[in-house]
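Trainee: Please give me a close look at one part of this model. I would like the second chain, from its overall layout down to single residues.

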Amino acid sequence: MQLRPILSSLRRHKLTACLLVLQAALTCAIVCNVVFMIANRVQRISVPTGMAENELSVIQSTGIEKGENPQARHTTDLAVLRAIPGVQSAVAVSYSLPLDQSESSSGLCPSKQALDRAMQLNSIEGSGCMEPAVYDGTPSLINTLGLRLVAGRDFQPDEYVSAGKPAVAIVTRALAQHLYPGKQALGQSMYDGDNYIRIVGIVDKLLRPNLRKPGVDDDSMIWPQRPDRAGVLYVMRSAPQDRERVLQAASAALLKASPSRLMDPKRMQTYTEIRAEYFQRDTTMIGLLIASALGLLFVTALGITGLANFWVQQRTRSIGIRRAIGATRGDIVRYFQTENFLIVSAGVLLGMLLAFVLNAVLMQHYELQRLPWFYLLVGALVLWGLGQLAVLGPALRAAAVPPVVATRSV
Amino acid sequence: MFDYYLRLALRRCRQNVPMVLLVVLTMAVGIAACMTAMTIFRALSGAPLPGVSPYLYVATMDGREAVDKDNPDYQRPDSLLMLADAKALVDAHRAAQQVAVAQSLASLGNADGKRSEQAYGLMAYGPALQVFGVPLRYGRPWTEAEQSANAPVVVIDTHVAQKLFGIDNAVGRSVTLGQRSFRVIGVFAPWSPRMQIFNLGQRAGNVMGQDENFFVPAQASLDAGVGPFTSGECGKGAPVVSFQSASVAQCRWIEAWVRLDTPAQVGDYGRFLAGYAHVQHDAGRFVYPPQARLYGTQAWMTLNRVVPDDVHLNLMLAGGFLLLCLVNVAGLLAARFLRRQGDVAIRRALGASRRDVFLQHLVETGLLGLIGGVLALPLTWLGLWIVRMQPVSYADAARFSPGVFAILFALSVAVGLLVGVLPAWRMCRQPPALQIKLA
């Protein structure tokens, strides 16, 4: 394929060619960044919680009977819930669940010295102390949530306390590493300012109720404390397809067991719904980003097709002459395809530069990382593909121009 | 001349309808995307209380009275004060105007208890209505004497007045609030800040301002058992409090807002505030260095990220989209115009100047832009409707307004002219002789 005739004909359409290059460059720059932002958000919303998420459902209940013993109420309620067909297990927690937004957290130090250091620094940063999310719950919490115990053991029945602080805890692997870097965390005693708490078990993963920043999102601790308030969250585990039915049955059964309680219909949810609610803003934004990326690509494709159509009409005569002196249909199609490839390539080159500039601007204003280079590669491939697709129609139309046109004056 | 160009432009538009449609629709979509994002941005920027909030400042300090081992850092400026501190700041009268307020949610009932209305309102210590510029329709705000006597008086808005009494002018009526009966001394038209400005630390995620239906003196309200919406942060040993509790004596729950008109006043008041906090710290009440600071309303909102980042990002995306549409249309127009070199050559040969040719083409693109704008109108409406359907906190901001219409009109003509400049310039550059030859 000869490039010279293409280049010299482009030189005669400098303005339109330049505008087309600019268009491809803008699309490349914006789409690369948009796709990067989509990828970031998708990564954010797909963070695992460590639980058997699609088997859990949650129901909130607040007892309003005066003088009622909350923990006796919870025990009765749990027995009622476990009797529901399909419920494999059920536990009560005070209010905290991963991604459920109500968080209880506590300062926790690997040793008393570390706490003194934190007091001295007047800051928790750099002292070795951490601020994990704290989860409580009735026995068999680990099993019900489906957490994976990687070291140690679950709590023993006599370790559960009804009021006050327990003496043992199970921590996540991340928290264990943060508190005791390079050491065996199992069996260590953490200090919380008043008491020592011994680590008896380590679970693989358990996310916080509220995400903070990637490094500490997985710093959580479970301790064997029974919920002791009238308001409580019951967590039930069942087969995924049973969840809706289980929730209906649970609310009916709880009301039957004791009608003097408040149950907010909004807090009768499967865990999937809780998760969706937490990331709702991100999901909306992902939709918008995808829509705008598609819009950009579509407009660019329209522009390319529109201009190519014009050029085909304009060059009908010269196409006829080329056909008359021996060019095949394939030659004509390839001519337009090569022309488009050249224009888009120039656009992509400029677009890569623009993409980095745009990325730098975005980084200043939003929490965004540097754009990895392979997004540019993907952007380039997409634009090349799009350009070829958009020019195919006009190119085929050009190839259909009969050689006899050369003999007519247009 | 202008209407001749216009007729020419219309005739040309009819010649190649698909092309014109493509150009016009591309512009319309770009304009609509930009207008949708701009409408939301406009609704969420600017002063939350026009004419008032640029002069309002909120006092922040680390007023904790006990060591908090869970949070030894004072990571974010805190505007919540104990009532005693707020009263001291207001009573000092060091600013042009000052008031302490806290958001409340309470049930207001009429005297016989037959009608009641759940309403948001502000508990205030000081002349709240005057400071925030709430326009009274009937009656008067409470006086200092009434406030210091803890007189049970309340100012309600016409919405509550209608609900409870069926009339606007409810001055003199009695309203049950908590366990006491309050006398209505004033009625104001429905009022809300344009954006959330009160108690930002605890109400993250709220963007749009809350409709405030009543104003009540803080102490009288507490006496009646009606407390703030959130009890704020309570010291150790305080009774366990829940939402809307009135036992907040040991909690920090109220904010002090002051009006300062000049930078000198701001500086003076800042020093006064720091001095006050230091005295408390030295006396041993505040256990941490207080770091007292004044924040202007806008800075306070920015610090607390009232307007989500997404809104800015949307505007940038929409702007990028419009830019791309413009380049696209400019390319199409250039091609379209260049095909007509023959017509232009004849006009030039007949004596039209370059300026005439340039203007003629600008009129044509301006017309196309205008048609694009007209098409963008329903598209913008559609875009706003889609945003309102989304579960986002700023969905309420997505409303069409006359101001938006004016911007859209201006934008579409500007877009039309902008995309036309390059192609039109290109058209008038070629010498007439060459163009005739080409034709």
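Mentor: Taken over C-alpha atoms, the centres of domain 1 of chain B and domain 2 of chain B are separated by 50 Å. The model is predicted, so local features need pLDDT of at least 70 and side-chain atom pairs count only at pLDDT 80 or more, while totals for chains, interfaces and linings use all residues. Residues are numbered from 1 along each chain as its sequence is written, and chains are lettered from A and ligands numbered from 1 in the order in which they are written.

Start with the domains. In chain B, domain 1 is 2-47 + 308-438 and domain 2 is 62-291; such bounds come from an automatic or database domain assignment. Two residues are in contact if their C-beta atoms, placed from the backbone, lie within 7 Å. By that rule, six residues of domain 1 of chain B meet five residues of domain 2 of chain B. On the domain 1 side, four of these residues are nonpolar, one is polar and one is charged. Here Ala, Val, Leu, Ile, Met, Phe, Trp, Tyr, Cys and Pro count as nonpolar, Asp, Glu, Lys and Arg as charged, and the others, Gly among them, as polar.

Next, the overall form. Chain B has 14 helices and twelve strands. Its radius of gyration is 30 Å, well over the 22 Å that the globule rule gives for 439 residues, so chain B is more spread out than a compact globule. That radius is taken over C-alpha atoms, and the rule is 2.2 Å times the number of residues to the power 0.38. Along the principal axes, the C-alpha atoms of chain B fill a box of roughly 95 × 50 × 35 Å. Helices (H or I, at least four residues) and strands (E, at least two) are DSSP runs, numbered from the N terminus.

How much of the chain is buried? Of the 439 residues of chain B, 44% count as buried. A residue is buried if 20 or more other C-beta atoms lie within 10 Å of its own, exposed if 12 or fewer, and partly exposed in between, with C-beta atoms placed from the backbone.

Just after H6(B) comes Gly166(B), with a positive phi of about 75°.

Ser221(B) sits in helix H7 (residues 218-223) of chain B. This serine is buried, with 29 other C-beta atoms within 10 Å. Not counting residues up to four places away in sequence, Ser221(B) touches Ser104(B), Met123(B), Leu177(B), Val216(B) and Val226(B). Pro152(B) is 69 residues from Ser221(B) in sequence, yet 7.7 Å away in space, C-alpha to C-alpha.

Move to Ile31(B). Leaving aside neighbours within four places in sequence, Ile31(B) is in contact with Leu322(B), Gly372(B), Gly373(B), Ala376(B), Leu408(B), Leu411(B), Ser412(B) and Val415(B). Nonpolar cores are sets of buried Ala, Val, Leu, Ile, Met, Phe, Trp, Tyr and Cys residues joined through C-beta atoms within 7 Å. The largest has 180 residues, and those with the most contacts inside it are Cys28(A), Ile31(B) and Val101(B). Another core, of 58 residues, lies apart from it and includes Val91(A) and Leu147(A).

Last, the partner chain. The contact takes 30 residues from chain B and 35 residues from chain A. On the chain B side, the elements that give two or more residues are helix H2 (17-43), helix H10 (309-338) and helix H13 (402-427). H10(B) gives the largest share, 18 residues. By type, the chain B side divides into 16 nonpolar, seven polar and seven charged residues.
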